[in-house]
Amino acid sequence: MNTSRTCIVCKKSSNETPVTKFYHKDSEFYICPQHLPVLIHNPQDLVGLLDGADKLQGG
């Protein structure tokens, strides 16, 4: 399995924890279940990790 499939927040690989793939600005990213709520509710916390995160609105 490709070890580059790592959570953008905690950097845990898919060998350590499940990760979910998502797309943003034609790029592919992975995030683990622990940090998925950050992406949904507090995407501004991803500034510096995800380009344009400061412009995303939490749900």
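Colleague: Before we start, what are the ground rules for the predicted model?

Modeller: Residues are numbered from 1 along each chain as its sequence is written, and side-chain values use heavy atoms, with hydrogens and water left out. Since you asked about the prediction, local features need pLDDT of at least 70, totals for chains, interfaces and linings use all residues, and side-chain atom pairs count only at pLDDT 80 or more.

Colleague: What radius of gyration does the protein have, next to the globule rule?

Modeller: The radius is taken over C-alpha atoms, and the rule is 2.2 Å times the number of residues to the power 0.38. The C-alpha atoms fill a box of roughly 35 × 25 × 15 Å along the principal axes. For 59 residues a compact globule would come in near 10 Å, and the protein agrees with that, at 11 Å.

Colleague: And what share of the residues counts as buried?

Modeller: Buried is under 20% relative accessible area, exposed is over 50%, and partly exposed sits in between (1.4 Å probe, protein chains only). Of the 59 residues, the buried share is 31%.

Colleague: Among contacts between residues at least 6 apart in sequence, what percentage joins residues at least 24 apart?

Modeller: A contact means heavy atoms within 4.5 Å. Take the contacts between residues at least 6 apart; the part joining residues at least 24 apart is 24%.

Colleague: On to charges. How far apart are the centres of the positive and negative sets?

Modeller: Lys and Arg count as positive, Asp and Glu as negative, with His and the chain ends not counted. Each charge is placed at NZ of Lys, CZ of Arg, CG of Asp or CD of Glu. There are 6 positive and 6 negative side chains, and the two centres lie apart by 4 Å.

Colleague: Are Lys21 and Glu28 buried, exposed or partly exposed?

Modeller: Their side chains form a salt bridge at 3.8 Å, N to O. Lys21 has a relative accessible area of 40% and Glu28 comes in at 41%. That puts both in the middle class: partly exposed.

Colleague: What's the N to O distance in the Asp54 and Lys55 salt bridge?

Modeller: Asp54 is exposed at 52% relative accessibility, and Lys55 is exposed too, at 70%. Their side chains meet, N to O, at 4.0 Å.

Colleague: Now Tyr30. Which residues does Tyr30 touch, leaving out those up to four places away in sequence?

Modeller: Tyr30 lies in strand β2 and is buried, at 11% relative accessibility. With residues up to four places away not counted, Tyr30 touches Arg5, Thr6, Cys7, Ile8, Val19, Thr20, Lys21 and Phe22.

Colleague: What is the phi of Lys11 near?

Modeller: Most residues other than glycine have a negative phi. Lys11 lies in the segment before β1 and is exposed, at 51%. Its phi is positive, near 70°.

Colleague: And the phi of Asp26?

Modeller: Asp26 is in the loop between β1 and β2, and at 84% relative accessibility Asp26 counts as exposed. Its phi is also a positive value in a residue other than glycine, near 60°.

Colleague: Last one: which residues is His35 in contact with, leaving aside neighbours within four places?

Modeller: His35 is found in the loop between β2 and α1. The residue is buried, with a relative accessible area of 12%. Beyond those sequence neighbours, the contacts of His35 are Cys7, Val9 and Cys10.

How values were computed:
Helices (H or I, at least four residues) and strands (E, at least two) are DSSP runs, numbered from the N terminus.
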